[in-house]
Amino acid sequence: MTGIRLPAPRPGWSVDADVVVIGSGVAGLTVALRCAAAGARVAVVTKARLDAGSTRWAQGGIAAALGDGDTPEQHLDDTLVAGAGLCSDEAVRTLVTEGPDAVRRLIATGARFDTDAAGEILLTREGGHHRNRIAHAGGDATGAEISRALVEAVRDAGIRTIEHALVLDLLKDAEGRAAGVSLHVMGEGQHDGVGAVHAGAVVLATGGMGQVFSATTNPAVSTGDGVALALRAGAEVSDLEFVQFHPTVLWLGPDAEGQQPLVSEAVRGEGAHLVDAGGHRFMVGAHELAELAPRDIVAKGIMRRMREQGAEHMYLDARHFGADMWAKRFPTILAACRTHGIDPVTEPIPVAPAAHYASGGVRTDLHGRTTVPGLYACGEVACTGVHGANRLASNSLLEGLVFAERIAADIAPGPRPGDAVTPEEPAARLIAPEARLVIQRAMTQGAGVLRSRQSLERTAAELARIREEAGDKTVEPGTEAWETTNLLLVSQVLVAAALRREETRGCHWREDHPGRDDERWRRHLVVTLGADRTLAVAATDSAAFPPVPLARPAAGDPPLPPPQGEPREHQRRPSPAPDRPVRPGDRGADGGRRLR
């Protein structure tokens with residue numbers, strides 16, 4: 001059994017459960033509720049409070065074919081176009097066909113969406129959608145309302161929760177199946193210090209990794225912990241190079257770092273215009289949907305205009321909304337802007353792209369199973385094949401909802417807890433907390449919206465230097481050091497994949513390879529971490545994900561799904577071709593890249 005663990009004290013306490021869910025966003029809490037309803041003993045572990053994850057920050061809404069004249073097939077087509085040839089057709093079809101009923105069940109759980117006078121759900125548009133299909137709540141507080149409803153339901157159901165807990169590593173049984181997790185509770189609640197939750201099924205719902213960049217819309221807890229845990233446990237990670245930069249984030253100045261206020265795409269959906277300092281709408285003529293083009297196209301349009309004009313930002317002009325509409329439809333954004341000295345009622349909003357969403361993550365099948373038996377993943381931490389190279393706006397909450405329900409259905413027949421064993425596994429080098437800002441700045445400068453071989457190699461060298469220097473330091477185990485260690489690992493995987501993918505596709509923009517290359521690159525990159533800290537980056541044979549190999553399934557496990565078919569792309573579907581030859585420096589003789 002291979003694996004790498006974080007240096008940490010041995011667990012001093014333990015909890016037993018059938019299912020342990022890591023994360024308390026829409027994905028994690030939905031899994032918990034469905035599993036508990038099926039009779040399973042569930043424990044929810046979350047890094048801060050139950051309501052403090054990324055879900056509560058979602059402004060725009062949740063996409064589903066709920067309106068008159070809309071259909072799942074139309075939603076599927078819009079998703080495939082946004083995904084730029086790398087979506088799994090089967091995964092997207094699952095999302096759009098199961099999505100409407102999943103939203104209705106969310107409403108039955110207690111979520112209250114905005115409605116018209118007749119009680120019908122109000123629907124709006126966002127980038128990449130050809131129909132009004134975005135349901136919203138509280139104007140621009142959809143995530144907060146969904147989080148409220150699910151947190152209340154979890155508490156009413158009496159589900160065990162462990163808050164303020166950073167999950168460290170996966171525990172396995174003698175057969176290599178997931179058997180729980182080790183975690184560190186940060187001085188709150190019934191437990192303190194390092195402990196363990198023993199469970200026969202482990203569900204990663206840890207959210208994103210936006211904190212690898214110096215400017216992001218993600219909260220401070222989004223440090224890629226789930227992806228890092230999965231890599232150390234031997235799971236496969238895919239498509240991590242596809243990080244979506246939201247086009248319209250409130251620009252707070254050239255030195256602004258950390259979480260930045262989002263200006264929802266729904267503002268453009270209601271008719272706001274992107275303009276330069278001269279008031280010119282530069283997206284008109286650049287795409288048939290203008291400001292409502294898919295996010296990668298809008299982000300590139302903004303960056304190009306900024307370059308042409310030597311500007312640090314562009315503007316979002318919604319003065320024509322008037323004060324009443326701003327106050328009723330976008331109260332959260334209005335308050336955020338005014339907090340920073342901008343009044344969108346009377347002046348355009350300065351905006352620029354910032355890191356927003358990871359389209360890639362821990363590779364799963366359609367039941368949320370990863371390549372480690374008993375380990376599941378859903379939500380932003382997962383790579384289901386739904387998003388491809390670029391997520392369609394407001395598909396994220398829906399993906400978390402739909403695939404959480406599928407995971408719960410897969411687990412519900414009866415998970416069997418295994419006895420965790422403690423093998424002598426190599427320990428990762430802990431990275432000092434002060435390296436966090438260095439990592440974030442290096443990633444923003446070399447692996448952000450604009451990338452090239454030169455910038456990525458410079459970033460890879462800086463990350464390698466940080467890891468090499470860690471070998472000469474004694475770092476005390478603790479939350480900040482564990483988080484920084486996770487950030488460095490995830491950053492190195494992202495850069496390795498971005499270096500390998502020599503094309504521009506979706507939200508991966510290589511300046512030295514500006515064209516999309518379907519012949520060589522309409523395929524996925526899969527990354528694994530060896531026990532010797534070697535990163536192996538391999539390309540799939542086609543745009544289809546290979547099936548998830550569940551080794552040594554226990555008696556009674558559901559049968560494995562058949563291999564997924566070749567994804568189709570709207571309007572065009574080229575046949576797969578052999579991968580390009582490996583160039584010197586890409587990979588070592590054993591096919592891996594050493595993390596020094």
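Author: What follows goes through the core, then a helix pair, then an annotated residue. The model is predicted. Its largest nonpolar core has 107 residues, and Val197, Val267 and Trp326 have the most contacts inside it. Helix 13, residues 479-500, gives the most to this core, with 13 residues. Both domain 1 (1-242 + 359-419 + 429-542) and domain 2 (244-353) give residues to the core, so the core lies between them.

Take Val197 as an example. Leaving out residues up to four places away in sequence, Val197 touches Val15, Ala17, Val20, Ala43, Val45, Ile162, Leu171, Ala179, Gly180, Val181 and Leu183. Another core, of 52 residues, lies apart from the largest one; among its residues are Ala32, Leu50, Cys378 and Ile407.

Helix 13 also packs against helix 5, residues 225-232. The angle between the two is about 75°, and their axes are 9 Å apart. Angles of 65 to 115 degrees count as roughly perpendicular, so helix 5 is roughly perpendicular to helix 13. On the helix 5 side the contact is made by Asp225, Val227, Ala228, Leu231 and Arg232; on the helix 13 side it is made by Glu483, Asn486, Leu489, Val490 and Val493.

The last stop is Arg295, in helix 7 (residues 295-309). An unreviewed UniProt entry annotates Arg295 as "active site". The relative accessible area of Arg295 is 6%, and buried means under 20%, so Arg295 is buried. Among the residues it touches, not counting those up to four places away in sequence, are Glu126, Gln244, His246, Glu265, His356 and Arg391.

Key: Residues are numbered from 1 along each chain as its sequence is written. This is a predicted model: local features need pLDDT of at least 70, side-chain atom pairs count only at pLDDT 80 or more; totals for chains, interfaces and linings use all residues. Side-chain values use heavy atoms; hydrogens and water are left out. A nonpolar core is a set of buried Ala, Val, Leu, Ile, Met, Phe, Trp, Tyr and Cys residues joined through side-chain atoms within 4.5 Å. Buried means under 20% relative accessible area, exposed over 50%, partly exposed in between (1.4 Å probe, protein chains only). Helices (H or I, at least four residues) and strands (E, at least two) are DSSP runs, numbered from the N terminus. Domain bounds come from an automatic or database domain assignment. Contact means heavy atoms within 4.5 Å. UniProt positions are given in the numbering used here, feature names are shortened, and annotations may be inferred rather than shown by experiment. Axes are lines fitted to C-alpha atoms, for helices over the stretch in contact, and angles run from 0 to 180 degrees between N-to-C directions. Angles under 35 degrees count as roughly parallel, over 145 as roughly antiparallel, 65 to 115 as roughly perpendicular and the rest as oblique.
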